[in-house]
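Let's go through this model with a few quick questions. Have a look at it first.

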Amino acid sequence: MSATPVLVTAAAGGLQGSTGFHVTRFLLGKGRPVRAFVHRLDDRSDRLRALGAEVVEGDLRDFRTVADAMNGIRQAYFAYPVQEGLLDAAATFAAAGRSAGLEQLVNLSQWLQPGGEQPTPHQTRHWLTEQIFDWADVGAVHLDATVFYENLCTWALGSLTQSGVIALPWGPDSSAVPLVSAQDVARVAAAVLTGPRLPSGTVIRLMAGGVTNEEITEAFGQILGRSVSYVEISDKEWAEAASAIGVNAVAVEHLTHLWRFLRTVPPEYQAFYHTSDAFQEFTGQPPQSLLQYLQEHKDLFVAAAAH
């Protein structure tokens, strides 16, 4: 087993899935050293050090910082939050990686449509990011993942706490949303980084299946031990509520476009929402269902909904 560390970005974790933290944890558990790239030093970076990771601080848009972090690196995991700067960070990382002789890059992307035209401006940036990494010839493998359970729960808990219902602009009860656990996505990333080298430009699609709004409320109801209702709200209402709690403008724009796309796709498109074979192929186990995810975090949801 190689002793060369894997460079992992977004390693401190955050509110959008924390795949970088999970990838770090899984790699260390497999005996691979990790160089964890964080935006700032705080209690989250202390947690990474406690796990055994080497921690470096920097800005993914600063070439010198990234180049220094890339020294001696042959494999890396790239993730960037839904905020300004994705293309700058991707171009910087690609240039530093190519210069350093990076051999394999696992890139966290989004569930993209064929070709360059995407449902949201941020997904277009993700499509361009994939092109940048492919052109850089750094052995890019792209993880095209759907909406994370973690993000659903962030929005659902907000309205459950305030009004006791799940209020989202996700269409009628029968409308389905493709979902997956960020932890399962990270498990695939770690398996790719510790497994046989995949061809450059490989795209791995990751979805745990489609879940209707009715099924979402049923799952939350089982966890909370009471009936939970879904209330459809407008894009404007959702965007105003998200902005009011400090969600950045790029994320609000992206998610507003994404919610509109998902609730308006035809039923025949939703019929393709099924569990990706990649989970079994790379990890030997199926992904978590939404109910399993909620059960794992039951204490958090019960405490929040009780307020």
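Q: Which residues does leucine 294 touch, not counting residues up to four places away in sequence?
A: This is a predicted model, where local features need pLDDT of at least 70, side-chain atom pairs count only at pLDDT 80 or more, and totals for chains, interfaces and linings use all residues. Residues are numbered from 1 along each chain as its sequence is written, and side-chain values use heavy atoms, with hydrogens and water left out. Touching, or contact, means heavy atoms within 4.5 Å. With that rule, leucine 294 touches Cys153, Ala219, Phe220, Ile223 and Phe301.

Q: Is alanine 10 buried, exposed or partly exposed?
A: Buried means under 20% relative accessible area, exposed over 50%, and partly exposed in between (1.4 Å probe, protein chains only). Alanine 10 has a relative accessible area of 32%, so it counts as partly exposed.

Q: How are α4 and α5 oriented to each other?
A: Helices here are DSSP runs (H or I, at least four residues), numbered from the N terminus. Axes are lines fitted to C-alpha atoms, for helices over the stretch in contact, with angles from 0 to 180 degrees between N-to-C directions. The axes of α4 (residues 86-100) and α5 (residues 121-136) come within 9 Å and cross at roughly 10°. Angles under 35 degrees count as roughly parallel, so α4 and α5 are roughly parallel.

Q: Which residues in α4 meet α5?
A: On the α5 side, the residues include His122, Leu128 and Trp135. Their partners in α4 are Leu86, Leu87, Ala90, Ala91, Phe93, Ala94 and Arg98.

Q: Which residues does alanine 10 contact, leaving aside its neighbours within four places in sequence?
A: Alanine 10 sits in the loop between β1 (6-8) and α1 (19-29); a strand is a DSSP run of E, at least two residues. Its contacts are Gly20, Phe21, Phe37 and Ala79.

Conventions. Parallel < 35°, antiparallel > 145°, perpendicular 65-115°, else oblique.
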